[in-house]
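Please look at the sequence and the three-dimensional structure shown here, and read this report beside them.

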Amino acid sequence: MSRLHLHLLSDSTGETLENIAKAALAQFDAVEIIKHFWPMVRSETHLDRILDEVAANPGLVLFTLVNPDIRAKLERRCRVLGLPTVPALDAVSDALSNLLGQAAKARPGRQHVLDAAYFARVEAIQFTIAHDDGQNWENWEAAEIVLAGVSRSSKTPTSIYLANRGYKTANIPIVVESPPPRSLFSLNRPLVVGLTTNPERLIAVRRNRLLSLNQAPETDYVNDDKVKAELAFARRMFADNGWPVIDVTRRSIEESAAAIINLFNARETAREGRKQAGLAEGLAADEA
């Protein structure tokens, strides 16, 4: 197995840089990656301390630094050490600069400014936490997305991920013995999405959950026939109400959320189209 020291230097939180590195590393197998994470690098003094560690653990240096002096010093020292450096966002920034005809603002962390979108995301997270697992169902009409599915079908983590993307999300467990509130079937504003999964995978997830709680691993909760009946009950409910369905069996949380966002955007586009068509018809009628 190959081994690589990967140094990630950012003048902000480093979240973007970590995601880029994660996406790239996913393309390689049998590699032991030792990550060295250096966020908030905004002074040459701080950089000097980091470079001592880089020299002691040579490897690839990936960075997002906008200060030209700090960048130049990093690249100069890495050349002396014989280490490759990659400015992770330069290609995209340069392309945008050329197309837009303006220079990029050299300000670290501008994507994290406390603007309206930031506070909307905070509000979405607060709403989603308050409406997890069927809580506060009386306020579901205020949600943008409602996820429905049997126990352990990734409703909560998917909801939290959607909230971090700015979508107010509620979720409700579908239980054969305890039907959901009737208001679920008459929601107008939210997009209701059903989550389903393969029974074998669901049983494995549930069994692991029971073991982590030191509970008996063999109950109706993981019984093959019971689980299949649960899933069939949920699928009938989804079909009867015309809700779109996402199979999460082979999807990560991020992939499930992306599919749900696509559904949400498609519905909003269709609604806007119908609204514009209605306005056009109204104007035509007035002119007539």
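This is a predicted model: local features need pLDDT of at least 70, side-chain atom pairs count only at pLDDT 80 or more; totals for chains, interfaces and linings use all residues.

Four strands are joined in an open sheet in which the order is 2-1-3-4 and the pairing is parallel. Strand 2 (31-38) and strand 4 (85-87) stand at the edges, and each has a single partner strand, so one side of each is left without a neighbour in the sheet. On average, and with direction ignored, neighbouring strands of this sheet are turned by 20° against each other.

Helix 1 (residues 15-25) lies across strand 1, strand 2 and strand 3 (60-64), and runs at about 155° to strand 1. Helix 3 (residues 68-81) also packs on the sheet, where it touches strand 1, strand 3 and strand 4, and its direction makes about 175° with that of strand 3.

Another open sheet is formed by four strands in the order 6-5-7-8, with parallel pairing. Its edge strands are strand 6 (169-173) and strand 8 (245-247), each of which pairs on one side only. From one strand to the next, the twist averages 25°.

Strand 5 (residues 145-149) pairs with strand 6 in the parallel sense over five bridges, and the bridge partner of Ala148 in strand 6 is Ile172. Helix 6 (residues 155-164) lies across strand 5, strand 6 and strand 7 (191-196), and runs at about 175° to strand 6.

## Two residues in one loop

Which backbone angle of Arg152 is positive, although this residue is not a glycine? The angle is phi, with a value of about 70°, and Arg152 sits in the loop between strand 5 and helix 6. Ser154, found in the loop between strand 5 and helix 6, is not a glycine either, and has a positive phi of about 70°. Arg152 counts as partly exposed at 35% relative accessibility, whereas Ser154 has a relative accessible area of 16% and counts as buried because this value is under 20%.

## Salt bridges

Side chains of opposite charge can pair when their charged atoms come close. How many salt bridges does the structure hold? There are ten salt bridges, and one of them joins the side chains of Asp90 and Arg71 at 2.7 Å, N to O. This pair links distant parts of the chain, with Asp90 in helix 4 and Arg71 in helix 3, 19 residues apart. Asp90 counts as partly exposed at 24% relative accessibility, while Arg71, at 18%, counts as buried.

Arg206 forms a salt bridge with Glu230, and the closest N and O atoms are 2.8 Å apart. This pair, too, links distant parts of the chain, since Arg206 lies in helix 7 (residues 199-212) and Glu230 in helix 8 (residues 224-240), 24 residues apart. Arg206 is buried, with a relative accessible area of 0%, and Glu230 is buried as well, with 17%.

## A nonpolar surface patch

Val92, Leu96, Leu99 and Leu100 make a nonpolar surface patch of about 440 Å². Leu99 belongs to helix 4 (residues 90-100), and its relative accessible area of 74% is over 50%, which means that Leu99 counts as exposed.

Notes: Residues are numbered from 1 along each chain as its sequence is written. Side-chain values use heavy atoms; hydrogens and water are left out. Patches are made of residues with over 30% relative accessible area and no salt bridge: like charges are joined within 9 Å, nonpolar side chains (Val, Leu, Ile, Met, Phe, Trp, Tyr) within 5 Å. Accessible areas come from the Shrake-Rupley method with a 1.4 Å probe; for residues, only the protein chains shown count as cover. A salt bridge is a side-chain nitrogen of Lys or Arg within 4 Å of a carboxyl oxygen of Asp or Glu. Buried means under 20% relative accessible area, exposed over 50%, partly exposed in between (1.4 Å probe, protein chains only). Two strands pair if DSSP finds at least two bridges between them. Axes are lines fitted to C-alpha atoms, for helices over the stretch in contact, and angles run from 0 to 180 degrees between N-to-C directions. Contact means heavy atoms within 4.5 Å.
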